[in-house]
Amino acid sequence: MTEQHTSGVHHFASDNYAGAHPEVLAAVAAANVGHVPAYGDDPWTARLQDVVRAQLGEQAVTYPVLNGTGANVLALQAMLPRWGAVICTEAAHVNTDENGAPERVGGLKLLTVAAPDGRLTPELVDRQAWGFGDVHRAQPGVVSLTQATELGTVYTPEAVRELCDHAHARGMRVHMDGARIANAAAHLGLPLRALTTDCGVDVLSLGGTKNGLLLGEAVVVLDPSAVVGVDFLRKADMQLTSKMRFVSAQLVALYEGDLWLRSAGRANAMAARLRAGIDAIGSLDVVQPTEANAVFVRLPAHVARALRRRWRFYDWDAADGTVRLMCAFDTTEQDVDELLAALADALDDAPAPEGGAPATP
Ligand SMILES: Cc1ncc(COP(=O)(O)O)c(C=O)c1O
């Protein structure tokens, strides 16, 4: 373990750099009693069904899984025939960060469109929503949107509703990658169902890990007519965990009360503080609106190098110096203020020589 691993520094690379929330750990410990049936036939998974129904509506059926890539692949596979295709943005996690799993594991084609702020619109969808019935073209069957987006922006409920209506009118279904849906809801001050069920979303990948779980997400089917074989596919996709109670207990801890909102609200608030501090510096180009828990800013190379002596964060566009600074449920005001102070100092300094700290992978 390097010093960076043990020093207790809160990095700005991703919300999944954070540990698990103490309330989540307590729920895991509380679930560690005796023997219960495996593969989801346990009291915690039953409780989770009720908890998610209370959040998303009585029709919701929840399938706990191990990670977000698995949730997305399972959801999309269950929504599409073998000749199906998914319309999504170029920046969508399913397209950029899942090592082709939707294609390799799911056997699906992704039809991508450039979306400057990460958000699909009906017009952008229509750039790929064509060729229905043409045997030469993979058939667009699902529109997949990410909430909050990979660029830290948030769809309003009206925008989600418009996309759902548009997709449905063309015979397509809507999947939402909600790895950070809690951050979107916290930003909008709305309940989770106002961004999903009430807008016509058919299937949701419900986030957990990014908001303080050890691990665990869920596929939530909001319209049962949108899927086939989720149970079977979850096993075939290697997402059926035997000791499911421990995944379900974590999700119950997150969504039963307001932990999801407290945690996401804090991460968002820290990103807003960071954004305000960067704006106050005045000389830096912030690339996207800061609506959820990430700030995208262009940094001179010597500044990024100087900050990387202490913190990890991702290059977003190495060509123009854009980096992503992401806050988590456990980011503190002090973390943000120290980063801002270091940023101001580095901007004042002359460029340091190349070859300092290695770039974050
Ligand atoms: C938008 C989005 N979806 C899904 C995921 C889930 O990924 P993982 O498979 O690493 O849990 C992530 C993680 O970075 C993400 O940012």
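## First stop: the ligand

Start by selecting the ligand and the residues that surround it: Asn67, Gly68, Thr69, His93, Asp97, Thr146, Glu150, Asp177, Ala179 and Thr209.

Two things to know as you click: numbering runs from 1 along each chain as its sequence is written. This is a predicted model, with local features needing pLDDT of at least 70 and side-chain atom pairs counted only at pLDDT 80 or more, while totals for chains, interfaces and linings use all residues.

## Arg173

Next, pick Arg173 in strand β5 (residues 173-178). Strands are DSSP runs of E, at least two residues, and helices are runs of H or I, at least four, numbered from the N terminus. Is Arg173 buried or exposed? It is buried, because 24 other C-beta atoms lie within 10 Å of its own; the cut-off for buried is 20 or more, with 12 or fewer for exposed and partly exposed in between, using C-beta atoms placed from the backbone.

Now show its contacts (C-beta atoms, placed from the backbone, within 7 Å). Beyond the neighbours within four places in sequence, Arg173 touches Met79, Gly141, Val142, Ala167, Asp202 and Ala226. Ala226 is 53 residues away in sequence, yet the C-alpha to C-alpha distance is 6.9 Å.

## Between the domains

Zoom out and colour domain 1 (3-17 + 260-348) and domain 2 (31-257); these bounds come from an automatic or database domain assignment. Their C-alpha centres lie 28 Å apart. Across the boundary, 18 residues of domain 1 are in contact with 18 of domain 2. On the domain 1 side, the elements giving two or more residues are α12 (259-281) and β9 (294-298), and α12 gives the most, with seven.

## Last stop: a four-stranded sheet

Follow β9 into an open, antiparallel sheet ordered β8-β9-β11-β10, where pairing takes at least two DSSP bridges between strands. At the edges, each pairing on one side only, are β8 (285-286) and β10 (314-317). Inside, β9 pairs with β11 (residues 322-326) over five bridges. Finish on Val297, whose bridge partner in β11 is Val323.

Terms used: Two residues are in contact if their C-beta atoms, placed from the backbone, lie within 7 Å. A residue is near a molecule or strand if its C-beta atom, placed from the backbone, lies within 6 Å of it.
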